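Me: I would like to learn how to read some features of a protein model. Please start with contacts.

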Amino acid sequence: MIKKMIEEEWRKNSALYRGRSFAAFPVLVFFFSFAWNWMALNFSVITAETLQNFVLGLSAFLGLGVGAVGFSSRDAFRNVLGRTNYLVFTSRTLPISRKSLITSFVVKDIFYYSVLMVLPIIAGFLILAGLNYVSVVYMAPLLFLGGILVSTVITVSSLTLPSNRFLNYGRLSGLRPLSAKSVLDLFRSSGGFLKILFSVGLLTAFYWTLVLYFPVTSIFLSNPLLSYSVIMGLVSLTVYNWLNRFDELEDYTFLPLDLQEIMKSKKQAYTAVAVPVSVSAVLISGIFYSGHLLLGVFTTASMTVYNMAVASHITGLKPNEKLFHADAFIKYMLGIGVILIPQLYLSVAYTPELLPHILIINTAGLLIGLYSYSR
């Protein structure tokens, strides 16, 4: 059964990410691990001990993610994932107990994702840090295992817990029915709204790590609230990814809806979730960094809406798949850079004399986003 589950996991991943080329994923993880540790040790004030703790913390986090996201039990049983099905849910059709299936699943995850992610991350760290930190070789896998076990227990137990009924179609009556469905799918899935906050928080933490500990990026501290407002608009892409995680275009072929109506509904759902999240993050940051608060709110709202226009135009309803394709990713970066680069430059070099310029760029981004929203 463990072998079958490994094969199943491989088929699922390779089908999503261009077949056998997915086998190069551990090499890519090693490259990023090596590059990150090399930059941190040579161009920042981060010590090797801190990097070791980072590797250990990341291993535990990966375990939590693999156990919860990979298991997908709550989502599958609540019919959030459509027709998706896995061997781990076949205890009623196969002569195998549910406990045996879950145990096999955990063992599969430990082996499969250790080779896929944990070992390449450890290798990228040890090559640069040296054998003085060899303890990470056994500590990281143990924390990874602990994360898997904790998240699996929580995920399995969630099947017996009542669903969160805070949101329903009545409370979302201001949205299109399909927009409301997308928002509800997001909240009904494992982690609910917390996964949005976690995704945004993780990328935000990475940004502040670069800004605070890498002297070369400290230029963003000249006007930190403005710079962060631009980054938050960019990070909002994760919301668009999540909203398109739980359905496919084929799921709506039996309804009298065309592609334009579906896209417009997805854009409305994105706006309803992403704009409040981005604006709230900037308002919270205003507690730590004074000045330019209103301009920061306008900047992040503009960037968030413009991000929707670029992402929807290039990736359509499949951002989670297409952004892994080099051509689509390059187009996205070029499209987003038209507004992002001028905004970042003006946020760094901002003076009252530059206010008209940043307002013009933000207005342009907002108008492009609103035009895309209305189409």
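Reply: A contact means heavy atoms within 4.5 Å. In this chain, among contacts between residues at least 6 apart in sequence, 77% join residues at least 24 apart. This is a predicted model: local features need pLDDT of at least 70, side-chain atom pairs count only at pLDDT 80 or more, and totals for chains, interfaces and linings use all residues. Residues are numbered from 1 along each chain as its sequence is written, and side-chain values use heavy atoms, with hydrogens and water left out.

Me: How many helices and strands does the chain have?

Reply: Helices (H or I, at least four residues) and strands (E, at least two) are DSSP runs, numbered from the N terminus. Here there are 15 helices and zero strands.

Me: What percentage of the residues is buried?

Reply: Buried means under 20% relative accessible area (1.4 Å probe, protein chains only), exposed over 50%, and partly exposed in between. Of the 375 residues in the chain, 46% are buried.

Me: How many aromatic pairs are there?

Reply: Rings of Phe, Tyr and Trp (its six-membered ring) pair if their centres lie within 6.5 Å; planes under 30 degrees apart count as stacked, over 60 as edge-to-face and the rest as tilted. The structure has 13 such pairs. In one of them, the ring centres of F125 and Y133 are 5.9 Å apart and the planes are at 65 degrees, so this pair is edge-to-face. F125 and Y133 are both buried.

Me: Why is the pair of Y207 and W208 edge-to-face?

Reply: Their planes are at 65 degrees, with the centres 5.0 Å apart, so the pair is edge-to-face. Y207 counts as buried because its relative accessibility is 8%, and W208 does so at 15%. Y207 and W208 form one aromatic cluster with F220, Y228 and Y289.
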